[in-house]
Structures are given as C-alpha cells and as structure tokens.
Amino acid sequence: MDITFHFHNIESSEGLKDAARKVIDKLSPQFSRLIGATVRFKVEKVNQIVEITMNGDGGVFVAEDKTTDMYASLDLVEKKLERQIKKHKGKQHAHHARHG
C-alpha cells in the first residue's frame with residue numbers, strides 16, 4: 001500500500017509522518033483491500049490542518065480537521081475516518097443481507 005505525504009507551508013517532519021502512518025496502520029485492518037492513502041499537512045495562519053484520503057473497498061474516504069496543534073488535528077481526522085469506514089461497512093453489510 002502506498003502512502004503519499006504533502007506538506008503545505010510547513011517543513012516535512014518525520015514525526016508527523018510517523019504519527020500519520022500509525023493512524024493509517026490502525027485503520028487499515030478495517031479494509032479488506034486498501035489501495036493507498038494520501039496525507040496532507042497544511043498551515044494557514046494559526047490553523048494546523050490535516051487531511052487524509054484513503055482509497056479501498058470500493059470507496060474513497062476523506063477526512064479533514066483543523067486545530068492549533070497538528071497532532072490534535074490528526075487525532076480528530078482519525079476519529080472521522082473511523083466513523084466513515086464503519087458507516088460504509090454497515091451499508092455494505094445491510095445491502096448484502098437484503099440481496100444475499
């Protein structure tokens with residue numbers, strides 16, 4: 001699986017990359033097939049913005065959040081992605097139960 005990192009108005013940081021990899025590694029078992037992920041770190045004035053896009057299981061999951069701390073933004077994005085993936089899996093399961 002490919003992970004691509006983009007840094008906008010912020011220096012590339014191994015610490016941020018490692019933290020994002022941990023989030024993706026934590027979420028990846030929820031996919032039967034994870035194709036790739038893109039992580040964007042952005043700074044706009046006081047806002048520290050993180051966006052993660054994960055592509056897998058026939059869907060594209062995108063979450064973005066901003067706080068004054070990049071790691072806090074990353075934690076919020078993780079929670080958003082967890083909810084999206086769980087909702088997607090629930091819809092797939094319900095669809096297969098009706099048509100299976």
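User: Where is Asn9 found?

Analyst: Asn9 sits in the loop between β1 (2-8) and α1; helices (H or I, at least four residues) and strands (E, at least two) are DSSP runs, numbered from the N terminus. The model is predicted: local features need pLDDT of at least 70, side-chain atom pairs count only at pLDDT 80 or more, and totals for chains, interfaces and linings use all residues. Residues are numbered from 1 along each chain as its sequence is written, and side-chain values use heavy atoms, with hydrogens and water left out.

User: Why is Asn9 called exposed?

Analyst: Its relative accessible area is 68%. Exposed means over 50%, buried under 20%, and partly exposed in between (1.4 Å probe, protein chains only), so Asn9 counts as exposed.

User: What is the phi of Asn9?

Analyst: Asn9 has a positive phi of about 60 degrees, although it is not a glycine. Most residues other than glycine have a negative phi.

User: What makes Lys45 exposed?

Analyst: Lys45 has a relative accessible area of 81%, and the cut-off is over 50%. This residue lies in the loop between β2 (34-44) and β3 (47-56), and its phi is positive, near 55 degrees.

User: How do you know that the buried residues of α1 line one face of the helix?

Analyst: The buried residues are Leu16, Lys17, Ala19, Ala20, Val23, Ile24 and Leu27. Seen down the axis of α1, they fall within an arc of 165 degrees, so they line one face. The arc is that of the directions from the helix axis to the C-beta atoms.
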